[in-house]
Amino acid sequence: MERVPILKIGDILLVSIQVDMSDQTAVALQEDLAERIVATGCHGVIIDITALDIVDSFVGRMLSTIASISRVLDAETVVVGMRPAVAITLVELGLSLNGIRTALNVERGMELIAAERADQGDDEFDYGPDTELTASP
Amino acid sequence: MTSGVDLGRPQTQAVGSDEDVVRVRQLVRTVAVAAKLSLVDQTKVVTAASELARNTLVYGGGGSVEVSTVDNGRKQGIKILFADSGPGIADLNLALTDGYTTGGGLGLGLSGARRLVDEFDIQTAPGQGTRITITKWSR
Amino acid sequence: MALNADESGRLVDVLSRHVDRITRRWAEVVAAQLRGRLSQAELIRQGQELHRALLDALGKGAVDLTSEEATELRAVLAEFSRGQARQGFSATETATGVFALKDALLTVLDSDQSEGTLRDYVGFSALVDQMGLFTFETYVRTRESLIADQAEQLLELSTPVVKLWEGVVAVPLVGTLDSARAQVVMERLLQTLVDTGSPYAIIDITGVPAVDTQVAQHILKTVVAARLMGADCIISGIRPQIAQTIVALGIEFGDIATKASLADALRHVLRLTGVETGRRQSRREA
């Protein structure tokens with residue numbers, strides 16, 4: 001079974017899903033992430049799904065579960081890079097991904113987490129204000 | 001990946017494991033591209049196939065999926081048959097209701113898949129297994 | 001009415017012995033009605049190709065146009081009529097191009113009484129009629145697909161997605177929105193969000209005369225899809241009648257931001273970004 005790698009960047013865990021995941025791989029990712037959050041003490045999780053050409057209800061549920069678990073572990077989860085066709089399909093499927101924060105790309109996802117932590121008065125985490133206007137590719 | 005496959009003929013994929021569900025998705029994608037579906041329609045039909053193939057595996061105890069291209073003279077399309085010889089579905093209306101599940105999922109598999117395709121036909125009875133046929137036409 | 005083996009044998013004979021005369025006569029007949037829109041050389045080339053394909057099909061034993069042996073002939077005819085349709089020739093002109101074959105053959109038969117019987121000519125005539133019908137069908141299909149292509153191009157032209165501000169894109173919708181167009185617009189909008197990395201989109205419907213349930217649903221779904229992607233949509237320019245329709249149809253816009261004008265919507269977005277950034281640190285344009 002393939003495993004999805006989890007990268008640590010500063011205070012953030014970055015997961016970039018590059019393969020067409022089997023359900024087992026998805027469940028394994030969920031477990032691996034929970035362990036890494038605890039082990040690293042990170043406060044943010046970014047799941048990049050740019051490479052995913054579909055998200056079905058199983059993967060959708062996995063994303064929701066990851067968001068809930070990380071919230072319990074004091075980490076904010078942002079799902080980034082969802083393709084338009086995937087988003088349209090999810091709406092039609094009836095999956096609303098409640099409780100999941102989303103952003104257009106990794107950079108905006110980082111800003112979102114930074115803003116969130118800043119709101120909670122967590123000063124150690126600040127990417128500064130200038131990242132916002134440089135997001136255009 | 002599946003190049004060199006004769007897409008004029010129905011393609012069959014057995015569903016007996018997680019990895020087979022992934023293979024079904026890839027097969028459906030290849031055929032949907034051949035049937036000239038738009039990107040959004042490809043995504044919809046692959047997603048529907050993923051839901052139904054998982055149902056075949058989880059509820060039907062495994063089975064098979066047959067994918068073929070269809071042509072009604074005006075448009076091309078893709079037709080997929082999911083067949084299992086599992087326990088079948090006792091209350092179809094209930095099973096097609098959003099949010100209803102017996103397997104701990106979100107209960108969007110059947111009802112959601114039906115919304116994603118143009119034609120949806122299901123034949124099932126307790127003890128008789130389940131056969132679902134879906135069709136998606138190019139726009 | 002299919003040709004029998006004898007007839008088709010004799011036709012092959014006549015056709016192959018009089019290549020030049022048949023081609024030239026065919027070109028004459030066609031040229032007469034096209035009045036110089038195609039060069040003589042081009043016509044001769046077409047005539048030769050048609051003649052060659054016909055001879056080839058009959059030689060292989062084709063008894064009518066649907067035969068397996070006539071595949072090549074059908075391809076040549078289809079190519080011929082597609083070319084005509086694209087270049088703007090009329091249906092009559094295209095069909096005449098095929099029917100002229102009868103005239104051409106008759107000229108040959110006339111000049112040499114021993115060459116053929118009336119039966120041969122009638123059989124050949126039936127085959128040419130089939131070819132004419134086939135050509136006409138291909139012609140119509142080509143024109144239909146041309147129209148469909150143009151409709152699509154028009155659709156793309158009529159739905160621009162513009163960048164309004166750094167991180168803000170807008171779709172000014174003008175004209176009647178049917179379901180197909182709404183779908184195209186929405187897909188385009190979502191793709192633009194990704195391409196430009198813009199977290200805000202304004203859908204301006206000032207120029208839309210009416211909204212039905214389906215179109216409203218499309219707009220709503222787009223807003224939800226944009227949210228899933230991490231972007232916010234604002235709908236602006238809802239006219240009084242449309243507001244009434246929306247309420248009358250019982251469509252829930254829920255917590256979707258709606259503004260009276262495009263300007264209001266932009267101000268709203270700028271304030272949102274301003275407030276967001278202002279909380280962290282004072283900002284330049286905020």
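Mentor: Let us begin with contact, which means that heavy atoms lie within 4.5 Å. Keep in mind throughout that this is a predicted model.

Trainee: With which residues is Q42(B) in contact, once its neighbours within four places in sequence are left aside?

Mentor: Those residues are R29(B), A32(B), V33(B) and L37(B). Q42(B) itself belongs to helix α2 of chain B, which covers residues 39-58.

Trainee: Why is Q42(B) called buried?

Mentor: The relative accessible area of Q42(B) is 10%, and buried means under 20%, so Q42(B) is called buried.

Trainee: What makes the approach between Q42(B) and L37(B) a polar contact?

Mentor: A polar atom of the Q42(B) side chain lies 3.0 Å from the backbone oxygen of L37(B), and the cut-off for such a pair of N or O atoms is within 3.5 Å, with one atom able to donate a hydrogen and the other to accept it.

Trainee: Turning to chain C, how do you know whether S236(C) is buried or exposed?

Mentor: S236(C), which is found in strand β4 (residues 232-236) of chain C, has 0% relative accessibility and therefore counts as buried, given that the limit is under 20%. Not counting residues up to four places away in sequence, S236(C) touches a list of residues that includes I203(C), D204(C), K259(C) and L262(C).

Trainee: What is the volume of the largest pocket, and which residues are closest to its centre?

Mentor: The volume is about 1300 Å³, and of the 31 residues that line the largest pocket, S138(B), R139(B), A148(C), D149(C) and E152(C) are the closest to its centre.

Trainee: Which helix gives the most to the lining of the largest pocket, and how do the lining residues divide?

Mentor: Helix α6(C) gives the most, with eleven residues, while the lining as a whole divides into seven nonpolar, eight polar and 16 charged residues.

Methods
Residues are numbered from 1 along each chain as its sequence is written. Chains are lettered from A and ligands numbered from 1 in the order in which they are written. This is a predicted model: local features need pLDDT of at least 70, side-chain atom pairs count only at pLDDT 80 or more; totals for chains, interfaces and linings use all residues. Side-chain values use heavy atoms; hydrogens and water are left out. On a 1 Å grid over the protein atoms alone, a cavity is a set of points where a 1.4 Å probe fits but cannot get out, and a pocket is an open set with protein on both sides within 12 Å along at least five of seven lines; lining residues have an atom within 4 Å of a point. Grid points are joined across faces, edges and corners, and a volume is the space filled by probe spheres set on the points. Helices (H or I, at least four residues) and strands (E, at least two) are DSSP runs, numbered from the N terminus. Ala, Val, Leu, Ile, Met, Phe, Trp, Tyr, Cys and Pro count as nonpolar, Asp, Glu, Lys and Arg as charged, and the others, Gly among them, as polar. Buried means under 20% relative accessible area, exposed over 50%, partly exposed in between (1.4 Å probe, protein chains only).
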